[in-house]
Amino acid sequence: MKAHCHSHKSRRQVCAKPKEQLQLQIQLPTIRDYGYPSGLMFSMFVNTNNYLKSGVVIASHVRKREYRFSSRAPWKYSFQPAFNLIDHRELHFQARGSECRKMSSQAMGEKESNGVVKDCLQELPHSNNYETAMEALSSLITGQKRGSRSSVGSRYGKLERMQMYLKILDLEEHIPKLKIIHVAGTKGKGSTCAFCEAILRECGFRTGLFTSPHLIDVRERFRINGLDISEDKFLFYFWDCWNQLKQQVTEDLPMPPLFQFLTVLAFKIFVCEQVDVAIIEVGLGGTKDSTNVIKVPVVCGIATLGMDHTEVLGDTLGEIASHKSGIFKPQIPAFTVHQLSEAMDVLHEKANELAVPLKVVEPLDERKLDGLKLSLSGDHQFTNAGLAVSLCKCWLQRTGNWEKILQNDKKEANIPEAFLRGLAAARLSGRAQIVYDLSSNCNSSSTLAESSSGDLIFYLDGAHSPESMEVCARWFSSAVQESKQLPKLLSSSHDVEIIKEVWGSGYIQSERDSSVESNKISKKILLFNCMEVRDPQILLPRLVSTCASSGTYFSKAIFVPSMSTYNKVTSGTSAIPSGISNRDLSWQFSLQRLWEKIIHGIEGDILDKSSKLDSAETLPPREFVYEDASRCSPADGIFGCSSVISSLPLTIKWLRDCVRENPALRVQVLVTGSLHLVGDVLKLLKR
């Protein structure tokens, strides 16, 4: 059925509603096998026109358990050049696009609206091809690598362009109605946003969360009610924004660069999805960040500040704090955590200029959690949780909802029960995340006790600044020491106390498992890469020294290039690059030389003159993992503490083969230095 609607600027008429998910309640009598009560009711969210490909199970500590099975439509690949597909789509959209874009949910029922959306996507050539959308996004990347200047030329500044893009999409008047929490910071801002989203969702509000970067799929940046936006909805909103903006391109107003486009898209999604609250994480800095088109947030937050992005934000803490405090708005409440005096002075000065009531928040007292655990690991998360609690309380007070939350609370407490549930349910991949890899073992948890393979455990943290590297090192040291008391991996399905995610590729991420003592030999391996704009001469020594101070030492280090590149946006199903023979590994070799100097205490250029660290074997011998660093002999030119491997997929396969061949081996791999690397590892583990 065709729909013809008039163009108005009300939210319902600006936004066309794509296919909604159906919520079904089913009963799973055998759920007790995972440590939960028999007969538990749970919700299944299903895109009815898609094929089930893999399942995701998410269990919260205290809330009603929610089991989600993700779906993915079958792919339709095209071998035409991306620009031809995009141009063809634009021509077709001009003929049909206005009808689809401006249809009103008020003018038709939800079912009819969904049908029109489906018609729009099907009639536009390749519009339901997710990879084509990724190609279009990739065309918006203006720098060849991180830190390079944008090549976008315009008579307008970034924020001026952002306002113009929002005007083209009829979003200007709707953004103030989103009731936004705006959060900046050097480290911890993503975790703070994740806590805020979970808390307010548990309070009963429809939430929208915009974070960056994504690790596996760009849809991770846009969450509605705690779930990544579906492919259908993403494609619908994406092409709607893309074509409206493309039709208005001029020499003075080019298409927005990648992050600006994604920011505009986030506002579009949140307005059209009618969220009650939008939690917006700043991308870079604050003052000139694309998200700073937000004029009247409900409340602002500044997470921990440190030295990062110095090529853009300045090389002093004061300069960085000045950029971050740029999100402050006149008389709008703001909260921050304890900062170094150089940064705190700047924040207070900026707050005074704008009459901003700025409060400094204490870390959350663990005793107030009533025995629950924060869902995000690491002692530093108590700082982020404390900030999130203050932001949410302020948001509830300023929107007139605080008293309602207190009325619904069954007991008097400093922290409402809904807050506690949110703090225990928040999720953010790639930050202090532990993944037990079972693909080298077997796919059935009930038969793991008879497994003859070793254990392969990945500890993933995207730390890439000096401060975050130190936090990462403390977390890793604590996690591996705790694992000494939890040694045998999932000896049976009944031993799993909390399973957070089960993915179809056969690996489990678990917070705890309790079982009999094991005599496995543990080897700690660093899997590392960082961008060339980072300073590994600061990052790596801080990692090593912080771990050593806790009694944690690496047997080996492996340096690899990331699969992801800065000039291409990929999805979770994008093809893994195969051409590795001509890859430039000079940066990885420089990291290896630095590592060997640190481990052996070598100063100056002695290592460079005596070593043969100038070529990468396809794969090192198996003995590389089994031998200790003590077997290295720099005096003889033998530097066996590290290796450069030219391919990350080969590295993961090699690690799996090593533990498969040695049942007495436990390999604990810390993956850090780059969120790109962490995302790539997660992508490989899911396959």
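The model is predicted: local features need pLDDT of at least 70, side-chain atom pairs count only at pLDDT 80 or more, and totals for chains, interfaces and linings use all residues. Residues are numbered from 1 along each chain as its sequence is written, and side-chain values use heavy atoms, with hydrogens and water left out. Helices (H or I, at least four residues) and strands (E, at least two) are DSSP runs, numbered from the N terminus.

**Sheet layout**
- Eight strands make up an open sheet with mixed pairing. Their order is β10-β9-β8-β11-β7-β12-β13-β14.
- Two strands pair if DSSP finds at least two bridges between them.
- The edges are β10 (227-228) and β14 (358-361). Each has a single partner strand, so one side of each lacks a neighbour in the sheet.
- Helix α12 (residues 381-398) packs on the sheet. α12 touches β7 (180-184), β11 (277-281), β12, β13 and β14; contact means heavy atoms within 4.5 Å.
- The direction of α12 makes about 170° with that of β13. Axes are lines fitted to C-alpha atoms, for helices over the stretch in contact, and angles run from 0 to 180 degrees between N-to-C directions.

**Strand β11**
- Five of the five residues of β11 are buried, so β11 is largely enclosed by the rest of the structure. Buried means under 20% relative accessible area (1.4 Å probe, protein chains only).
- Both faces are covered. V277, I279 and E281 lie on one side, A278 and I280 on the other.
- β7 and β11 run parallel, joined by four bridges. I181 stands opposite I279 in β11.
- β8 (residues 207-210) also pairs with β11 in the parallel sense, over four bridges. Here G208 stands opposite A278 in β11.

**Strands β12 and β13**
- β12 (residues 299-302) and β13 (residues 334-337) pair in the parallel sense over three bridges.
- T336 in β13 is the bridge partner of I302.

**Helices α15 and α16**
- The axes of α15 (residues 466-482) and α16 (residues 536-549) come within 8 Å and cross at roughly 30°.
- α15 and α16 are therefore roughly parallel to each other, a term for angles under 35 degrees.
- Their crossing is right-handed: the near helix is turned clockwise from the far one by less than a right angle.
- On the α15 side, the contact residues include M469, A473 and F476. Those of α16 include I538, L539 and L543.
- By class, the contact of α15 with α16 has eight nonpolar, two polar and four charged residues.

Definitions and conventions
Buried means under 20% relative accessible area, exposed over 50%, partly exposed in between (1.4 Å probe, protein chains only). Angles under 35 degrees count as roughly parallel, over 145 as roughly antiparallel, 65 to 115 as roughly perpendicular and the rest as oblique. Ala, Val, Leu, Ile, Met, Phe, Trp, Tyr, Cys and Pro count as nonpolar, Asp, Glu, Lys and Arg as charged, and the others, Gly among them, as polar.
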